[in-house]
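Please look at the sequence and the structure before reading on.

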Amino acid sequence: MAWTTEKRYRRYEDWTAEELQQINDNIAKSPWRATYHVEPKTGLLNDPNGFSYFDGKWIVFYQNFPFGAAHGLKCWVQLESDDLVHFTETGVRVLPDTKLDSHGAYSGSAMQFDDKLFLFYTGNVRDENWVRHPYQIGALLDKEGKIEKIDKVLIEQPAEATDHFRDPQIFNYKGQFYAIVGGQNLDKQGYVKLYKAVDNDYTNWETLGDLDFDNDKTAYMMECPNLIFINDQPVLLYCPQGLSKDVLDYDNIYPNMYKIGQSFDTKQAKMLNPSPIQNLDYGFECYATQAFNAPDGRAFAVSWLGLPDVEYPSDRFDHQGTFSLVKELTLKDGKLYQYPVAAIKDLRADAQPFTALDKSKNSYELELNLAADTEHEIVLFADKDGKGLTINFDLKAGQVTVDRSQAGEQYALDFGSSRSTSLDTKDTTVNIFIDKSIFEIFINKGEKVFSGRVFPGEDQTGIAITKGNPTGTYYELDYGRKTN
Ligand code: FRU
């Protein structure tokens, strides 16, 4: 099916009940639906939005085009959770239904004020000449799930920015509210702009300046910037589209990167002593990660396991994209660690010593213990010939490689089918989460992460050991209640 502009921006009310039924029927045939990851009920899921704590619950929205696997007219779909592992879709949506967001409710963040959750997002508007107007706008969600939009632009497009200016993140730093917005300046360089809420009023923002984080200025657009604080140190997560590979090598079409600063100087709009830019994830999919500081200070993040401008095998079943697991972010010895929240262990239904396996439900966790100076290779999603997702841990050479070239249907081949990164040669723990068409690999409890999708054939459910003798535990995972 051809996704014309007309079709992608068709008003929601113009989709017929028959068309919706067809989409639902098609999705029901998909062999790749996840069991314990968030994915869209229908259509395309992209960025996590509005990740927050409100009314005693964790809230996150997924951005969604509900009518198929395409980037069209976007809305936000709400999810709630008590434990950051089990999510319930509550169906409340930020719809693209006003003159300030008529062509999409684009990305943004959330923060509780009094008894409402303030949603700060980009209203994407196209005028009659299809010229884009990005409005940074707001809405208030009440405890009953009702949304009331604020009928004014909260942050205007700055004179020095092109129409690529979006994804406001509100954050609290020492009792004062700030926001950052990602953009592109008139020289076509990506940058991040910092604002302050005057008298802590979220409808009144003053400009503090361009955030200084030693921007190498090789990216043409900064999408989805997030500034969080861990042990008082600022950490900036962002998606520098077009980043030069001379600055830092990466394989995916667009990277998700981060920098750790020493401290944050709001007067100078500066992150002091920023670290070199680093890759957040070494896998095939991880983008638009949204992070926030919970009221108790902990930092949580969730990523879109998908990428813009990539076609996926699941598209023909009218679904695309999932969330990662929620990861807690910590700093240890100056390094960023990302690891699923403790409640993920509640999914462990059945434990067995790790061995090769002919068949699994492709819904499990492996915890492997690998001794220093050894080499191991395992194949997940393996068929009877041992073909699948190959993961090689070479603790002699200090390298880990994930190769999906034999794992089911291939896609995004222009960006290669294997990924690797360096590894310490010491004893290593590896936790791998498998969910039907998703893998998330955490090395040394989150020191390095590889996330990605594979679209296995029906017979690709086994586990093979092709090198070494990895020991550990296999846990079957059971989500219990999947409601989305
Ligand atoms: C990132 C992004 C954001 C934007 C949204 C639109 O994936 O391009 O910059 O707000 O997606 O869907």
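## The largest pocket

The lining of the largest pocket is made up of 28 residues, and those nearest its centre are His71, Lys74, Tyr106, Arg166 and Glu223. Several elements each give two or more residues to this lining: helix H1 (5-8), strand E6 (116-126), and the strands E1, E5, E9 and E13. The structure is a predicted model, and the volume computed for this pocket is about 610 Å³.

Sorted by class, the lining of the largest pocket has 10 nonpolar, 9 polar and 9 charged residues.

## The ligand and its shell

Where does the ligand sit? The ligand is found in the largest pocket. Strand E1 (43-54), strand E5 (105-113), strand E9 (161-173) and strand E13 (221-230) are the elements that contribute two or more residues to the shell around the ligand.

The residues of this shell are Asn46, Asp47, Gln63, Lys74, Tyr106, Ser107, Arg166, Asp167, Glu223, Cys224, Tyr287 and Trp304. By class they divide into 4 nonpolar, 3 polar and 5 charged residues. Lys74, Tyr106, Arg166 and Glu223 belong to the shell, and these four are also among the residues nearest the centre of the largest pocket.

## Polar contacts and cover

In Gln63, a side-chain N or O atom is 2.5 Å from a ligand oxygen. For Lys74, the distance from a polar side-chain atom to an oxygen atom of the ligand is 2.9 Å. For Arg166, an N or O atom of the side chain is 2.8 Å from an oxygen of the ligand.

How much of the accessible area of the ligand does the protein cover? On its own, the ligand has 320 Å² of accessible area, and the protein covers 92% of this.

## The second largest pocket

Another open space, the second largest pocket, has a volume of about 460 Å³. It is lined by 26 residues, and Met111, Asn172, Asn293, Ala294 and Pro295 are the closest to its centre.

At least two lining residues come from each of E1, E5, E9, E13 and E19. Which of these strands gives the most to the lining? The answer is E9, with 5 residues. The classes in this lining are 15 nonpolar, 9 polar and 2 charged residues.

## The cavities

How many cavities of 30 Å³ or more does a search of the whole structure find? The search finds 3. The largest cavity has a volume of about 110 Å³. Its lining has 16 residues, with Val85, Phe87, Ser324, Leu325 and Val326 closest to the centre. Of the lining residues, 14 are nonpolar and 2 are polar, and none is charged.

The second largest cavity holds about 70 Å³ of space. Among its 15 lining residues, Gly108, Asp167, Cys224, Asn226 and Gln290 lie nearest the centre. The strands E1, E5, E9, E13 and E19 (287-293) each give at least two residues to the lining of the second largest cavity. By class, this lining has 5 nonpolar, 8 polar and 2 charged residues.

Conventions
Residues numbered from 1 in each chain as written. Predicted model: local features only at pLDDT ≥ 70, side-chain atom pairs only at ≥ 80, totals over all residues. Heavy atoms only, no water. Near = heavy atom within 4 Å. Polar contact = N/O pair within 3.5 Å; in protein donor to acceptor, adjacent residues only side chain to side chain. Areas by Shrake-Rupley, 256 points an atom, 1.4 Å probe, with all protein chains shown as cover. 1 Å grid on protein atoms, 1.4 Å probe; cavity = no way out; pocket = protein on both sides within 12 Å on 5 of 7 lines; lining within 4 Å. Sits in = over half its atoms within 2 Å of the grid points. Helix = DSSP H or I, 4+ residues; strand = E, 2+ residues; numbered from the N terminus. Nonpolar A, V, L, I, M, F, W, Y, C, P; charged D, E, K, R; others polar. Points joined across faces, edges and corners; volume = space filled by probe spheres on them.
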